[in-house]
Amino acid sequence: MTALLERLARAPFRVWGIVLAGLIMTALLGQIIMERVAILRDGTEVRLATTPVDPRDIFRGDYVILTYEISNLVLEQLTGDDLDDYTEGDTVYVSLEEDTNGIWQASGIARNADAFTDDVFIKGRIEWMTQVRPVAGETSEPPLTQANGEPCRPCNSARIAYGIESYFVPEGTGRDLENMRDEGSVTVITAIAQNGTAAIKGLILDGGDPVYLEPLL
């Protein structure tokens with residue numbers, strides 16, 4: 001050990017630089033792992049319903065692409081201020097409420113987490129915005145309405161990503177799970193930290209027992 005320390009003491013500065021960089025990278029990696037462990041262990045558990053994914057999104061390897069009911073939101077149907085001022089790239093916090101089926105639905109939106117003192121909320125980023133107008137003529141789809149029941153003229157629709165849009169699964173099971181996802185048979189168990197950061201804990205298929213549970217480490 002003494003000889004090693006003596007050699008390190010005589011090492012050029014670039015060697016020390018490499019050692020220091022390695023220590024910093026190890027510390028950062030350890031911090032990321034421990035933050036994820038804390039979310040999975042201590043986060044508030046919610047269950048989110050998935051929706052079909054555009055078939056142009058090809059299956060890539062053994063993981064599934066996930067889209068949620070809370071991924072596409074009509075802002076006027078939520079509580080919140082300045083709903084016309086949101087734009088692409090905004091960081092947002094979406095409050096969640098559990099429905100009678102045990103699925104958590106979006107109820108409000110804000111730019112600051114402080115807006116939700118007692119509510120469970122999830123942190124996301126607006127990927128894109130569009131406006132939805134009432135459809136003229138006969139249609140099988142009911143018109144979109146605002147929270148007060150009035151039709152949208154128009155409503156602002158936001159696509160929001162929460163960092164839980166992909167999930168690795170055992171080899172050979174990805175395509176079957178994608179088919180079940182598109183049939184609406186997949187529910188995702190999600191842990192949410194107090195700051196709104198989310199992590200997937202596992203999946204529920206056809207309302208059965210949880211499967212593919214994520215280990216802490």
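Predicted model: local features only at pLDDT ≥ 70, side-chain atom pairs only at ≥ 80, totals over all residues.
1. Confidence first. The protein chain has a mean pLDDT of 82, with 83% of its residues at 70 or more.

2. Next, the inside. The largest nonpolar core has 34 residues, and Val94, Ile109, Ile122 and Ile160 have the most contacts inside it. Elements giving two or more residues to this core include strand 1 (44-51), strand 5, strand 6 (104-110), strand 7 (120-132) and strand 8 (155-161). Helix 3 (174-182), strand 10 (186-192) and strand 11 (198-205) are also on that list. Strand 11 gives the most, with four residues.

3. Leaving aside residues up to four places away in sequence, Ile122 touches Ile70, Val92, Tyr93, Val94, Leu96, Tyr162, Ile164, Ile192, Gly196 and Ala198. One of these, Val94, is itself among the residues with the most contacts inside the core.

4. There's another core, apart from the largest one. This one has five residues, among them Leu40, Ala191, Ala193 and Ala199.

5. Five strands form an open sheet in the order 4-8-7-5-6, and the pairing is antiparallel. Strand 4 (72-74) and strand 6 are at the edges; each has a single partner strand, so one side of each is left without a neighbour in the sheet. From one strand to the next, the twist averages 45°.

6. Within that sheet, have a look at strands 7 and 8. They run antiparallel and are joined by seven bridges. For a specific pair, Trp128 has Arg159 in strand 8 as its bridge partner.

7. Two backbone angles deserve a line each. Asp82 is not a glycine, yet its phi is positive, near 50°. Asp82 sits in the loop between strand 4 and strand 5, and it counts as exposed because its relative accessibility is 51%, where the cut-off is over 50%.

8. The other is Asp206, also not a glycine, with a positive phi of about 55°. Asp206 is in the loop between strand 11 and strand 12 (210-211). Its relative accessibility is 58%, so Asp206 counts as exposed.

Notes
Residues numbered from 1 in each chain as written. Heavy atoms only, no water. pLDDT = per-residue confidence, 0-100. Core = buried A, V, L, I, M, F, W, Y, C linked by side-chain atoms within 4.5 Å. Buried < 20%, exposed > 50% of the residue type's maximum accessible area, 1.4 Å probe, protein only. Contact = heavy atoms within 4.5 Å. Pairing = 2+ DSSP bridges. Axes fitted to C-alpha atoms, helices over the stretch in contact; angles between N-to-C directions.
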